[in-house]
Amino acid sequence: MLQNNEVILKHPIIEHKLSILRDKKTGTKEFREVIGELSMLLCYEALSDAQLEELEIETPIARMKGKRLNENNFVFLPILRAGTGMIDGVLKIVPNAKIGHIGMYRDEETFKPHSYYYKVPKGIEDKEVIVLDPMLATGGSIIDTIGKLKEQNAKKIKVLCIISAPEGLKAVHNKYPEVKIYCTAVDEKLNENAYIVPGLGDAGDRIFGTK
Ligand code: PRP
Ligand code: URA
């Protein structure tokens, strides 16, 4: 389903896995595994427009023209902490992609993001950058991240998230309508603490077992 520049993956397996994530009784091990699986599926979908190069290959029977993805063209950029939980899954799709890191936390009162770390591979301006964060709530963290990437002249940017709020999607789209966002669910709303309802709680705490 495509609305504005959002791709919402709809599939019975995705709904099944999302219910596991949302359930507060799901433990750390399973939570991590399912974040990885959904991230892999999101990445697969996000690469459906990937450009391929032709190459000559020889099967045991004959020579033929095959296709290959130049994995060097891709950079995954997880937003710390929770985004790092998505790395294993996306690397199953593009194992040789480069990886940057952006450190950000949300102020508990203002809900504004604060950036504390930023390190991306060289040559970002010519690569496809895929930002990873399981939760897109107010959209502040994604908007700041895209802003930093644009300062460095990154031109091809996509965002993968597991659950988003309509408010956050709208905010990102208003600011950066050209950036495509892939997610597995758009929930109802944000609550007074800017948490996604019904959501899955605090993704970072559930991935790292910190609460
Ligand atoms: C969470 C989440 C996003 C951000 C989403 O991170 O992983 O990065 O909040 O909120 P926003 O759309 O309103 O900006 P948090 O700041 O809790 O840090 P953590 O990953 O270290 O737990
Ligand atoms: N961050 C989370 O981890 N969960 C939310 O619902 C909102 C922001």
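Me: What does Phe111 count as by relative accessibility?

Reply: Phe111 counts as partly exposed, because its relative accessibility is 22% and the cut-off for buried is under 20%. Keep in mind that this is a predicted model.

Me: Where is Phe111 placed, and what is its phi?

Reply: Phe111 is in the loop between strand 7 (101–106) and strand 8 (113–119). Its phi is near 65°. That is a positive value in a residue other than glycine.

Me: Which class of accessibility does Ala194 fall in?

Reply: Ala194 counts as buried, because its relative accessibility is 4%. Its phi is also positive, near 60°, and it too is not a glycine. Look for Ala194 in the loop between strand 13 (189–190) and strand 14.

Me: How do I read burial along a helix?

Reply: Start with the turn. An α-helix has 3.6 residues a turn, so residues three or four places apart point the same way. Now take helix 2. Its buried residues are Phe31, Val34, Ile35, Gly36, Leu38, Ser39, Leu42, Cys43 and Ala46.

Me: What covers the buried residues of helix 2?

Reply: The cover includes helix 1 (12–22), helix 3 (87–91) and helix 6 (203–208). It also includes strand 5 (74–80), strand 11 (156–164) and strand 12 (180–186).

Me: Which residues of helix 4 are buried?

Reply: They are Gly140, Ser141, Ile142, Ile143, Thr145, Ile146, Gly147 and Leu149.

Me: How is a pair of packed helices described?

Reply: Two values do it: the angle between the axes and the distance between the axes. For helix 1 and helix 2 the angle is about 150° and the axes are 9 Å apart. The two helices are therefore roughly antiparallel, since angles over 145 degrees count that way. Their crossing is left-handed.

Me: Which residues of helix 1 and helix 2 meet?

Reply: Helix 1 brings Ile14, Lys17, Leu18, Ile20 and Leu21. Helix 2 brings Glu30, Phe31, Val34, Ile35, Glu37, Leu38 and Leu41. By class, this contact has 9 nonpolar, no polar and 3 charged residues.

Me: Is Glu128 buried or exposed?

Reply: Glu128 is buried, because its relative accessible area is 13% and the cut-off is under 20%. Glu128 is in strand 9 (residues 128–132). Set aside its neighbours within four places in sequence, and its contacts are Asn73, Phe74, Val75, Lys156 and Lys158.

Me: Which residues does the cis peptide bond with omega about -5° join?

Reply: Leu80 and Arg81. Arg81 lies in the loop between strand 5 and helix 3.

Me: What is omega for the peptide bond from Val197 to Pro198?

Reply: Omega is near 0°, and the bond is cis. Pro198 is in the loop between strand 14 (196–197) and helix 6.

How values were computed: Residues numbered from 1 in each chain as written. Chains lettered and ligands numbered in written order. Predicted model: local features only at pLDDT ≥ 70, side-chain atom pairs only at ≥ 80, totals over all residues. Heavy atoms only, no water. Buried < 20%, exposed > 50% of the residue type's maximum accessible area, 1.4 Å probe, protein only. Helix = DSSP H or I, 4+ residues; strand = E, 2+ residues; numbered from the N terminus. Contact = heavy atoms within 4.5 Å. Axes fitted to C-alpha atoms, helices over the stretch in contact; angles between N-to-C directions. Parallel < 35°, antiparallel > 145°, perpendicular 65-115°, else oblique. Left-handed = near helix turned anticlockwise from the far one by under 90°. Nonpolar A, V, L, I, M, F, W, Y, C, P; charged D, E, K, R; others polar.
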